[in-house]
Amino acid sequence: MAEPSCKKCQDSGFVFKEIDGITYSIPCSCQDTEKFTFLLQSAGIPEIYKNRCNFDNFQVIKDNSSIKEAYEVAKKYAEEYPAFEKGKPNGLLFMGPCGVGKTHLAVAILNEIMFKKKSPAKFVDLNELYREIRASYGNKDFSEYEILSPIADSELLLIDELGCVSSLWAQDTLLYIITQRYNKSLPTLLTTNYSDDAQGKEDSLIERIGTRCRSRLYEMCRTVIINGDDFRKRKKF
Ligand SMILES: Nc1ncnc2c1ncn2[C@@H]1O[C@H](COP(=O)(O)OP(=O)(O)O)[C@@H](O)[C@H]1O
Ligand SMILES: [Mg+2]
Ligand SMILES: [Zn+2]
């Protein structure tokens, strides 16, 4: 194999830095960081995920095939972006219980696309978005439309926590975003704790987001199911 041109990061583009016992991956100085820094700032990824969710620090847990498959699908998606197969979904819907790495993998895709392809992306936490819209009511300088249109039009969008609010108003707002993106064939990544075949008292995804929205997402996204235990619990042992 050829010598890496950067000895610091072995051409991965990232170096690891430990602060207060937590390992962060940060862009290596060899890279043209300016554009990436700008894209990263514009993406709106929350601090807790921003510098911590990469493919390099994602552990592919051996005894869990769904995690391995999800990792491979996510990695391939980032590598091939923005080339999509005609007639196939150009988005991913990560589905599974809390703490299995859905947001980690989705943010890893965003980071990789911004860093390697220098292509823009946006992170939207649905809980946050709903709060922001409610706060815009009664504020004549800032309308709901002004909040929603940059999200609906974003080149690549990650919607985190799909189904977190299930009121009719929340479903309508979501359907607006999804429909806009569907009509323009814009790639969308999503994560959800709700599944299509809910058991017992739990709601299914359809019950949370509505039939029309779920049906659009079937066309827009490949569903990536992850099962397993909460990684945060696993880490303690
Ligand atoms: N396979 C993994 N390797 C490394 N860290 C992981 C893995 N899975 C989850 N994590 C970490 O555990 C925490 C919870 O994961 P997260 O992606 O937020 O879960 P969720 O599926 O609820 O979105 C995060 O800090 C994430 O970085
Ligand atoms: Mg999450
Ligand atoms: Zn380097």
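**Figure 1. Overall fold of the predicted chain.** Among contacts in the chain with a separation of 6 or more, 76% link residues 24 or more positions apart; a contact requires C-beta atoms, placed from the backbone, within 7 Å. The model is predicted, with local features needing pLDDT of at least 70 and side-chain atom pairs counting only at pLDDT 80 or more, whereas totals for chains, interfaces and linings use all residues. Residues are numbered from 1 along each chain as its sequence is written, while chains are lettered from A and ligands numbered from 1 in the order in which they are written. The chain contains 10 helices and 7 strands, these being DSSP runs (H or I, at least four residues, for helices; E, at least two, for strands) numbered from the N terminus. The radius of gyration is 18 Å, close to the 18 Å given by the globule rule for 237 residues, so the chain is as compact as a globular protein of that length. This radius is taken over C-alpha atoms, and the rule is 2.2 Å times the number of residues to the power 0.38. Along the principal axes, the C-alpha atoms fill a box of roughly 55 × 45 × 45 Å. Of the 237 residues, 30% count as buried; buried denotes 20 or more other C-beta atoms within 10 Å of the residue's own, exposed 12 or fewer, and partly exposed the range in between, with C-beta atoms placed from the backbone.

Figure 2. Five strands form an open sheet in the order β4-β5-β6-β3-β7, with parallel pairing; strands pair if DSSP finds at least two bridges between them. At the edges lie β4 (122–125) and β7 (221–225), each pairing on one side only. Direction ignored, neighbouring strands of this sheet are turned by 15 degrees against each other on average. Helix α5 (residues 126–136) packs on the sheet, touching β4 and β5 (157–160), and its direction makes about 75 degrees with that of β4. Axes are lines fitted to C-alpha atoms, for helices over the stretch in contact, and angles run from 0 to 180 degrees between N-to-C directions.

Figure 3. The parallel strands β3 and β7 are joined by 5 bridges, and M95 has I225 in β7 as its bridge partner. L92 belongs to strand β3 (residues 91–95) and counts as buried because 25 C-beta neighbours lie inside 10 Å. Beyond residues up to four places away in sequence, L92 touches V73, Y77, L189, C221, R222 and V224.

**Figure 4. M220 in helix α9.** M220 lies in helix α9 (residues 211–220). M220 is classed as buried because it has 20 C-beta neighbours inside 10 Å. Residues up to four places away in sequence aside, its contacts are P89, G91, Y182 and T188.

**Figure 5. The β1–β2 hairpin.** Strands β1 (residues 14–19) and β2 (residues 22–27) run antiparallel and are joined by 6 bridges. E18 stands opposite T23 in β2. The hairpin has 2 residues between the strands, and D20 takes a positive phi near 50 degrees.

**Figure 6. The shell around ligand 1.** Of the 17 residues around ligand 1, G101, K102, T103, H104 and F231 come nearest; a residue is included if its C-beta atom, placed from the backbone, lies within 6 Å of the molecule. The elements giving two or more residues to this shell are α4 (102–116) and α10 (231–234). Helix α4 supplies the largest share, 3 residues. By class, the shell has 7 nonpolar, 7 polar and 3 charged residues. Ala, Val, Leu, Ile, Met, Phe, Trp, Tyr, Cys and Pro count as nonpolar, Asp, Glu, Lys and Arg as charged, and the others, Gly among them, as polar.

Technical notes
Contact = placed C-beta atoms within 7 Å.
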